[in-house]
Every structure is written in structure tokens, then in C-alpha cells.
Amino acid sequence: MRTTVGALPCFGLGMAALGRPGYINLNRDAVFGSDARTLDKMQTQADQVLDMLFRLSKKSGFIPWIDCARSYGLSEKFAGEYLKKRNIKRDEVFVSSKWGYTYVADWNVQLDPGEPHEVKDHSAYNFLKQLDETVSFLGDYVNLYQIHSATLESGVLENADVHKALSQCRKERGWAIGLSVSSPKQDEVIRRAMEIHVDGTKLFDSVQCTYNVLEQRPGPVLIEAHQSGMDIIIKEGLANGRVLQNPIIQEYSRKLSCEPDQLALACILAQPFRPRVLSGAVTPDQLQSNWAAKELARKVQEDPTMLAEIMDQTKIESEKYWSERSTLAWN
């Protein structure tokens, strides 16, 4: 492979909230306002946050890491155009993306009740279609390609045609292959994915999982996956903003003289499955604050009793977590 998943820094930028005008993160109006979020405005916002990502990465000695998806609106277009405008060479950045969902909101923030913002299709046909689309926007920049929100119900973990196509993609393009997971069954999906082989070789190099101080159920299986050699990527570390309102996180943040986002992300970075964490920042200041979690994680690791107290006092049942997430409004 041209660049291995292991070459990733521990921190990257997820484009879920930057690639489209509407998303489920809390309080988006505080950043974007209630005015029309035009394509140009969103591209400019993305450029500003990407500029900060490259500055912080350079200062830390890391390769900048950008995570996109076909369904994140125009995230691949924004990232691709940014990299070309800045004349970034392909070995100067790590780009991951995902296939499996199609963005159908037509650049609207809110839709009529029952209308989806994205539609799932985990077929081999859709993989090949979206693969071509990803290449058209990101070209040779891609390092890691992932199934977007693989589930037991979608059948993608049983689809031999998809598995063969993914394996062929790795052979022909040199990309690592991964999957992202969602829902209360994340642990079951990961265990099933770890069993999949094509021509005697494990199919998946990485897993991108929702894990945070509220949703801790996947912890044990993430340790298993890490021990098996899979790279662990964590998304929604702030639970779409809900973690920032947690009184326990707020209390310990005051004790440690840090920001709530920094502590919440540090608690993830301190986990034994040695995760890499994606920031969902939509402003340069948010990303800079999130970035400080790396240093704080060392302090948290040095006090395992405190870490255990925080994790024990903040966790909720997985079903409750996902039920509450499903009620978050696109805004």
C-alpha cells in the first residue's frame, strides 16, 4: 500500500458537518447563522478549518488526516478542491472516505417530515458507482475507503460480491479497506466483520466506530479488534454536542482547568484500544480546542482512577444513546 493505515496521526478532521448545510450537531446556527448556507459559504468554511488542520498537523509533526464520505454532501469535492488549490502532494495528506449512502437533501437544511437526507445502498453496484465518484473528486489522494455504517440488516457483511470488489480495490489501488459502524449493535457488527476473509486475507484493515463517554458499549470489542491488528478510528467523540452538556464532564473540566470538549476527547484517546479520533469541528477555533485533547490525554492516562470515575459516571445504556440520537433535528 502507498500509505498504511498505521501511518495516520492520532487526530483528524471529519467532514460530516462541513460538507453539507444541514447536520444533526447541536447549535449549528451559532456558527453558520440562519441565513442561506450557500455552496460558496460552506466551501469557504471548510477551507478555513482545513487550513487550521494543516497548521496544527505541521506543528505536531503529523500528516494531516481528512475523513469524507459520499453522503457528506460535497465533502469530497470540498476536500479535493482544497488539496488541489494548495498544491498538496498525495504523500503530504491522508484521506479517508466512505461509500454506501447517497446524499439526497439537494442542499437543503430541513426536509419535509419523513424525507431522508441520505439513502443507504450497500450493493456491489453502488460500491462501483460511488467508487468512480470518489475518484472523480479525490483521485490519488485516497488512502482508506470504508463501508459507511455497515449493519447486520443491510446484508453487506454477507455479500460475497461486495467483499470481492473491496478486495480487488485494495489490490488495484493500494487503498486500505475499512468499515464504519453505527447503532446499538456496533459490537456485533465489528465481530462479524473481523471474521470476513477474501482469498485467505482479512478483508478489513480498520473500523470507524461511535464511541464516547456516553456510548461505551463497543469498548470490549474494540480491544479485540485492536489486538487482531485492526486500526481503531473513533467518530462522534462529542456525541454531536451532547457530551458538552454533561454535568460530570463539566465538573471534571473545571477541576482540570480545561474545556469540556478537550476532556471528553482525552478520555477516548486514553482508552486501551489505542484509538485515532476524528474531530467534527466546523470552525478553526473548535478544531484548535479539540486538538489540545492529545496533550490532556497523557494527564488522564496518568490518573487511571480519575479516568475510571469519569467513564463510570457518564456512561448510559446503548439503546438510550441511539434512541436520543435519532431524535436530533437536522439544523
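Predicted model: local features only at pLDDT ≥ 70, side-chain atom pairs only at ≥ 80, totals over all residues.

Reader: What volume does the second largest pocket have?

Author: About 500 Å³. A pocket here is an open set of points on a 1 Å grid over the protein atoms alone, where a 1.4 Å probe fits, with protein on both sides within 12 Å along at least five of seven lines. Grid points are joined across faces, edges and corners, and the volume is the space filled by probe spheres set on the points.

Reader: How many residues line the second largest pocket, and which lie nearest its centre?

Author: The lining has 19 residues, and C10, L269, R274, P275 and R276 lie nearest the centre. Lining residues have an atom within 4 Å of a point.

Reader: Which element gives the largest share of that lining?

Author: Helix α11, with 5 residues. Both β11 (231–235) and α11 (293–301) supply at least two. Helices (H or I, at least four residues) and strands (E, at least two) are DSSP runs, numbered from the N terminus.

Reader: How do the lining residues divide into nonpolar, polar and charged?

Author: 8 nonpolar, 5 polar and 6 charged. Ala, Val, Leu, Ile, Met, Phe, Trp, Tyr, Cys and Pro count as nonpolar, Asp, Glu, Lys and Arg as charged, and the others, Gly among them, as polar.

Reader: New topic. How many aromatic pairs?

Author: The count is 10. Rings of Phe, Tyr and Trp (its six-membered ring) pair if their centres lie within 6.5 Å; planes under 30 degrees apart are stacked, over 60 edge-to-face, the rest tilted.

Reader: Why is the pair of Y23 and W330 edge-to-face?

Author: Because the planes of Y23 and W330 stand at 80°, with the ring centres 5.8 Å apart. The two are 307 residues apart in the chain: Y23 is in the loop between β1 (11–14) and α1 (29–32), W330 in the segment after α13 (318–326).

Reader: Is Y23 buried or exposed?

Author: Y23 is buried, at 9% relative accessibility. W330 is partly exposed at 21%. Buried means under 20% relative accessible area, exposed over 50%, partly exposed in between (1.4 Å probe, protein chains only).

Reader: And what about Y145 and W175?

Author: That pair is edge-to-face too, 5.3 Å centre to centre and 70° between the planes. Y145 sits in strand β6 (residues 142–150), W175 in the loop between α5 (160–173) and β7 (176–181). Both are buried. Ring pairs link W99, F127, Y145 and W175 into a cluster.

Reader: Which charged end sits over the ring of W175?

Author: That of R173, 5.4 Å from the ring centre. R242 lies over the face of Y321, at 4.3 Å. The rule is NZ of Lys or CZ of Arg within 6 Å of the ring centre and within 35 degrees of the ring normal.

Reader: Last one: what does S318 touch?

Author: P184, E215 and R217, not counting residues up to four places away in sequence. Contact means heavy atoms within 4.5 Å. S318 lies in helix α13 and is buried at 3% relative accessibility.

Conventions:
Residues numbered from 1 in each chain as written. Heavy atoms only, no water.
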